[in-house]
Amino acid sequence: MHTSSEGYKTGAAAYVGGRPGYPPEALDWLRDIVGVGPGRKVLELGAGTGKFMPLLRQCGATLMAVEPIDAMRAQLTADFPEVEALAGSAEAIPLPDASVDAVVCAQAFHWFANVAALREIRRVLVPGGVLGLIWNGRDETVPWVAELSAITDEWEGNTPRYVTGEWRRVFPAPGFEFIDERHARNAHVGTADQVIVKRTLSVSFIAALPQQKQAEVEKQVRALIAHTPELSKGGDISFPYETSMFAYRKL
């Protein structure tokens with residue numbers, strides 16, 4: 001397990017509160033492209049605390065989850081008792097061959113973008129089943145968002161991240177065909193404390209820092225909020241994101 005993932009063990013509650021949801025276009029993508037719906041069996045791989053589950057649940061499929069970190073899986077089970085949540089990993093999925101119609105990875109695939117994981121995903125998918133990948137990425141064309149990233153990126157080390165694009169290196173992949181890519185605007189609306197401070201502290205490599213270092217990061221983030229008029233005025237703010245969606249079909 002990557003050292004930064006240790007941050008998730010102690011940060012499960014912060015993860016739930018600090019992360020944005022997903023735009024309406026993501027629901028359309030799940031139904032129309034990934035094929036999530038009634039009568040279908042769907043696995044969320046690297047499901048974390050279940051942040052993506054409310055959207056999946058709207059589609060009416062039978063849902064399963066695989067999550068290796070006990071604290072996050074416990075949070076998922078508490079919030080979504082109807083979902084079968086299994087201990088496992090992308091390289092060792094505890095399901096039979098050809099047992100699910102779709103595999104979805106939300107904010108997760110960059111952690112296990114490797115040949116072994118894709119081989120396992122292909123194994124558990126039915127013929128013609130779909131792998132769906134989705135991420136919320138910060139809109140760094142907004143100056144204060146770019147400034148926030150500059151504060152946090154200092155601590156990323158070699159942590160796998162969607163924004164680097166390294167996950168793309170495993171494609172094209174044997175036994176999969178690319179079928180769709182789409183992007184949508186998204187926003188996380190709430191107080192600056194919720195959508196900026198809590199979001200920052202929920203980042204894996206920040207949550208893994210010693211308390212003193214975390215406090216330093218929080219101090220810098222609060223200073224950013226204080227000197228940015230649109231953030232310091234109080235009330236709700238809108239943190240801009242772009243939601244990116246990709247789909248691959250098992251041949």
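**The ring cluster**

Guide: Phe-109, Phe-112, Trp-135, Tyr-162, Trp-167, Phe-171, Phe-178, Phe-246 and Tyr-248 are linked by ring pairs into a cluster. Rings of Phe, Tyr and Trp (its six-membered ring) pair if their centres lie within 6.5 Å; planes under 30 degrees apart are called stacked, over 60 edge-to-face, and the rest tilted. Keep in mind that this is a predicted model, where local features need pLDDT of at least 70 and side-chain atom pairs count only at pLDDT 80 or more, while totals for chains, interfaces and linings use all residues. Residues are numbered from 1 along each chain as its sequence is written, and side-chain values use heavy atoms, with hydrogens and water left out.

The structure holds 14 aromatic pairs. One of them is Trp-135 with Tyr-162, a stacked pair at 4.5 Å centre to centre with 25 degrees between the planes. This pair links distant parts of the chain, 27 residues apart: Trp-135 sits in strand S5 (residues 125–138), and Tyr-162 in the loop between helix H7 (143–153) and strand S6 (176–191). Helices (H or I, at least four residues) and strands (E, at least two) are DSSP runs, numbered from the N terminus.

Trp-135 is buried at 1% relative accessible area, and Tyr-162 counts as buried at 19%. Buried means under 20% relative accessible area, exposed over 50%, and partly exposed in between (1.4 Å probe, protein chains only).

Trp-135 also pairs with Trp-167, this time tilted: 4.7 Å centre to centre, 40 degrees between the planes. Trp-167 lies in the loop between H7 and S6 and Trp-135 in S5, so this pair ties together parts that are 32 residues apart in sequence. Trp-167 counts as buried too, at 2% relative accessibility.

Now over to Phe-109. Leaving aside residues up to four places away in sequence, Phe-109 touches Leu-118, Ile-121, Leu-133, Trp-135, Trp-167, Val-170 and Phe-171; a contact is heavy atoms within 4.5 Å. Phe-109 is also among the residues with the most contacts inside the largest nonpolar core, which has 30 residues. Such a core is a set of buried Ala, Val, Leu, Ile, Met, Phe, Trp, Tyr and Cys residues joined through side-chain atoms within 4.5 Å. Elements giving two or more residues to this core include strand S4 (100–106), helix H6 (115–124) and S5.
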